[in-house]
Amino acid sequence: MKKNYLKKIIIVFLLAFTVINLSAQSFPQGSTRGTTEMSRNVTQPVVPNVSVQITQPQTGNEVAFSVRLLLILTVLTIAPSLLLLVTCFLRFSIVLDFIKRALSLQQVPPTAVLNGIALFMTLFVMWPTFTTIYEKSYKPLNDGQIGIEEAFKEAEAPVRMFMYSQMSEDPTYIGTFMNMAKMDKPQTLADVPTYILIPAYILHELTAAFKIGILLYIPFIIIDMVVASILMSMGMMMLPPVQISMPFKLILFVLVDGWGLLTNQLFLSVIH
């Protein structure tokens with residue numbers, strides 16, 4: 001047994017030695033030889049030097065410019081939130097979420113879809129305001145006809161007019177914030193500062209959206225109550241009423257063209 005084991009070991013070593021000798025031989029004729037030299041036609045990439053220098057301001061103009069640049073960057077950071085809060089997007093998004101909950105829908109339509117619908121509806125309503133801002137603020141600023149301060153005032157005016165037009169019938173929140181700021185009762189829109197007009201408009205939009213949501217909930221709550229009463233009378237107390245009432249609410253919503261009526265009334269609530 002030991003002799004056979006030694007023979008096997010010797011055969012394995014002979015085979016390994018043969019394989020090493022074969023691999024050490026040169027490549028066969030016609031094969032491609034490798035090279036480690038880089039082609040001289042390849043140019044090196046040019047990477048520019050980037051340097052940041054922090055210096056002390058020498059004059060008051062340099063300080064004012066730095067502060068102005070910081071304010072501009074801050075405004076650009078919060079610009080998406082401002083656009084959502086000073087337009088009718090807030091009302092549209094809340095009402096659409098209300099109708100989704102009133103229909104007892106959990107995943108359909110997704111929240112991203114509802115926000116997209118609210119965004120494009122907002123663009124439709126706010127397009128005249130955005131056009132005015134472009135013609136009186138952005139375009140003259142781009143052409144060098146006006147400065148940044150004047151462009152800001154020209155862009156602020158149409159937005160202020162839009163917000164004030166929504167609260168013209170019920171300026172309660174404007175008076176509330178004016179009283180909290182200990183300011184006199186405003187006679188015109190010019191007497192209302194922007195930092196008071198914006199929070200008043202946000203609270204007004206929240207109130208209007210919740211009023212619309214309550215009105216939307218009433219017919220669907222009635223359907224839920226009727227279905228729950230029928231199930232109770234039939235002794236099906238373990239069956240969730242929402243599971244039975246949801247198809248009826250969807251049928252009612254589709255038959256009365258709910259999406260068309262909803263969008264039409266939302267537009268009428270904003271466009272006077």
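Figure 1. Residues are numbered from 1 along each chain as its sequence is written, and side-chain values use heavy atoms, with hydrogens and water left out. The mean pLDDT of the protein is 77. A value of 70 or more is reached by 75% of the residues. Where pLDDT is low, the predicted coordinates should not be read in detail. The protein has nine helices and zero strands. From the N terminus on, the order is α-α-α-α-α-α-α-α-α. Of the 272 residues, 24% count as buried (under 20% relative accessible area; exposed is over 50%, partly exposed in between; 1.4 Å probe, protein chains only). Among contacts (heavy atoms within 4.5 Å) with a separation of 6 or more, 69% join residues 24 or more positions apart.

**Figure 2. Helix α3 against helix α9.** The axes of α3 and α9 come within 11 Å. They cross at roughly 150° (axes are lines fitted to C-alpha atoms, for helices over the stretch in contact, with angles from 0 to 180 degrees between N-to-C directions). The two helices are therefore roughly antiparallel to each other (over 145 degrees; under 35 is roughly parallel, 65 to 115 roughly perpendicular, the rest oblique). On the α3 side, the contact residues are R91, F92, V95, L96 and I99. They meet W259, L262, L266, F267, S269 and V270 in α9. By class, the contact of α3 with α9 has nine nonpolar residues, one polar and one charged (nonpolar: Ala, Val, Leu, Ile, Met, Phe, Trp, Tyr, Cys and Pro; charged: Asp, Glu, Lys and Arg; polar: the others, Gly among them).

**Figure 3. Helix α3 against helix α4.** Here the axes of α3 and α4 come within 9 Å and cross at roughly 140°. From α3, the contact takes in F89, F92, S93, L96, D97 and K100. From α4, the partners are T111, L114, N115, I117, A118, L119, M121, T122 and V125. The residues of this contact split into nine nonpolar, four polar and two charged.

**Figure 4. Helix α6 against helix α7.** α6 spans residues 172-180 and α7 spans residues 194-233. Their axes come within 8 Å and cross at roughly 140°. That angle makes α6 oblique to α7. Y173, I174, F177 and M178 line up on the α6 side of the contact. In α7 they meet I196, L197, P199, A200, L203, H204 and T207. Nine of the contact residues are nonpolar, two are polar and none is charged.

Figure 5. Is H204 buried or exposed? H204 sits in helix α7. It counts as buried because its relative accessibility is 11%. Leaving out residues up to four places away in sequence, H204 touches R91, Q166, M167, D170 and Y173. Of these partners, Y173 belongs to the α6 side of the contact with α7. R91 belongs to the α3 side of the contact with α9.

**Figure 6. Close-up of S104.** S104 lies in the loop between α3 and α4 (111-142). Its phi is near 65°, a positive value in a residue other than glycine. S104 counts as buried because its relative accessibility is 14%. Which residues does S104 touch, not counting those up to four places away in sequence? They are V242, M246 and K249. The C-alpha atoms of S104 and P247 are separated by 9.6 Å, although the two are 143 residues apart along the chain.

**Figure 7. Close-up of D257.** D257 is placed in the loop between α8 (241-255) and α9 (258-270). Its phi is near 55°, again a positive value in a residue other than glycine. D257 counts as partly exposed because its relative accessibility is 49%.

Terms used:
Predicted model: local features only at pLDDT ≥ 70, side-chain atom pairs only at ≥ 80, totals over all residues. Helix = DSSP H or I, 4+ residues; strand = E, 2+ residues; numbered from the N terminus. pLDDT = per-residue confidence, 0-100.
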